[in-house]
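Below is a walk through one protein model, given in running paragraphs. The sequence and the coordinates come first, and the explanation follows.

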Amino acid sequence: MKRLAIAAAIMIIAMHSLAAFSVSMDNPIDGPFGSVSYAGRFSDVFSNPAALPLMETDPGPFAITLGFSDSYKASDFPSERLPMFQDQDWTLGLSFLADHIALSAFFGTDFDRHPGTDPVFDIHSSLRLELDMAYALPFFSFGVRISGGNSMIRSSKTIDNISGIFANAWFSPFDRESGSEFFDVGLGAILTFGPFSGGAYVGRLITLRNDNIYVGWDEIAESSTVSISLGAGRFLSSGDLRFFRPRASFSVTGLADDSTRTIEAEAEVCFQFLPDSSFSIAASYLEQQHSFFHFNPDNAFVNIFLRGEGAGITGTVGVSFKATDWTVFAPSIGFSYVI
């Protein structure tokens, strides 16, 4: 526990010092490292609950994650006050793990900046609870996710300095945000055959709509992701740890409607130095509002991320930018500690 307290303190200090540089767009902190068809790492569970019983190492009973993100335009910097603070997101996650079950709580603070030169923000404080249950058979794993939460808001608050950021994030009263409550039941599966794997996840098999439980094809289709991947195993046929370990995936989210469909092609290379120490680099192309076989880079983002792992601590840093315009970019940073 002493190691955990020290690691958590280091992460919180890093959040205060790096928050101005931590940014992302609509991707999770895991960025191109996450896919519905990936399994083996603890972080894969957040993409698909079916990955829970497929972890390559015993992660221990508890995990803490921290993520920080924002987004910038080059035009923000010459004239705006607090130009390094635009639409910043902070996330703290706590997870308790067992063989086939995981309970997680995610606490988020989002700053949405109003257009204009004055630093006026809507600040959202959110809570999401998530229960994952999964079971694995030979070559096949399936899982269920039950999640719910809501958010509070402070509207149109002027923030002039760093102390104002933390005062509004942690020490000021919030108002209830109407319509923010949600409840979802999701279902995921992963099929593995040698180096190939396929995954599927339906995020809203059952959901809450107008304060009523709802089951409908529109929600199922919009929240469904299918993915295929190809990757090298952790060990060579000789039993030695594989030093150079590549993997890649292709995913489609939103199966019925072009306006909600997203595709993502990911590639990753991991250098495994020791069983618990590695360094990885990953890149992806993510396109929103995709029409099948008609690519539109104007709706796309390129993501480049680095990740280092060792002694249960994982650090991730990355940047996302518009595929056609590098003046819009979004760095991000994340930490996790698993014991």
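Ala 311 counts as partly exposed because its relative accessible area is 44%; buried means under 20%, exposed over 50%, and partly exposed in between, with a 1.4 Å probe and protein chains only. Ala 311 also has a positive phi of about 55°, although it is not a glycine. Its place is the loop between strand S15 (300-310) and strand S16 (313-322). Strands here are DSSP runs of E with at least two residues, numbered from the N terminus.

This is a predicted model, in which local features need pLDDT of at least 70 and side-chain atom pairs count only at pLDDT 80 or more, while totals for chains, interfaces and linings use all residues. Residues are numbered from 1 along each chain as its sequence is written, and side-chain values use heavy atoms, with hydrogens and water left out.

Ser 156 is another residue to look at for its backbone: it is not a glycine, yet its phi is positive, at about 55°. Ser 156 sits in strand S6 (residues 140-158). Because its relative accessibility is 46%, Ser 156 counts as partly exposed.

Next come the strand pairings around S9; two strands pair if DSSP finds at least two bridges between them. Strand S8 (residues 182-193) and strand S9 (residues 196-209) run antiparallel and are joined by 9 bridges, with Leu 191 opposite Gly 198 in S9. The hairpin of S8 and S9 has 2 residues between the strands, and Gly 194 takes a positive phi near 60° there. S9 also runs antiparallel to S11, through 7 bridges, and Phe 196 stands opposite Leu 230 in S11. A further antiparallel partner of S9 is strand S10 (residues 212-214), joined by 3 bridges. In that pairing Leu 208 faces Ile 213 in S10. S9 and S10 form a hairpin with 2 residues between them, where Asn 210 in the turn has a positive phi of about 55°.

The last topic is the surface. Phe 243, Phe 244, Phe 273, Leu 274, Phe 279, Ile 281, Leu 306 and Val 317 make a nonpolar surface patch of about 740 Å². Patches are made of residues with over 30% relative accessible area and no salt bridge, and nonpolar side chains (Val, Leu, Ile, Met, Phe, Trp, Tyr) are joined within 5 Å, like charges within 9 Å. A salt bridge is a side-chain nitrogen of Lys or Arg within 4 Å of a carboxyl oxygen of Asp or Glu. Strand S13 (262-274) and strand S14 (277-288) each supply at least two residues of the patch. Phe 243 lies in the loop between strand S11 (224-231) and strand S12 (244-253), and counts as partly exposed because its relative accessibility is 45%.

Key. Accessible areas come from the Shrake-Rupley method with a 1.4 Å probe; for residues, only the protein chains shown count as cover. Helices (H or I, at least four residues) and strands (E, at least two) are DSSP runs, numbered from the N terminus.
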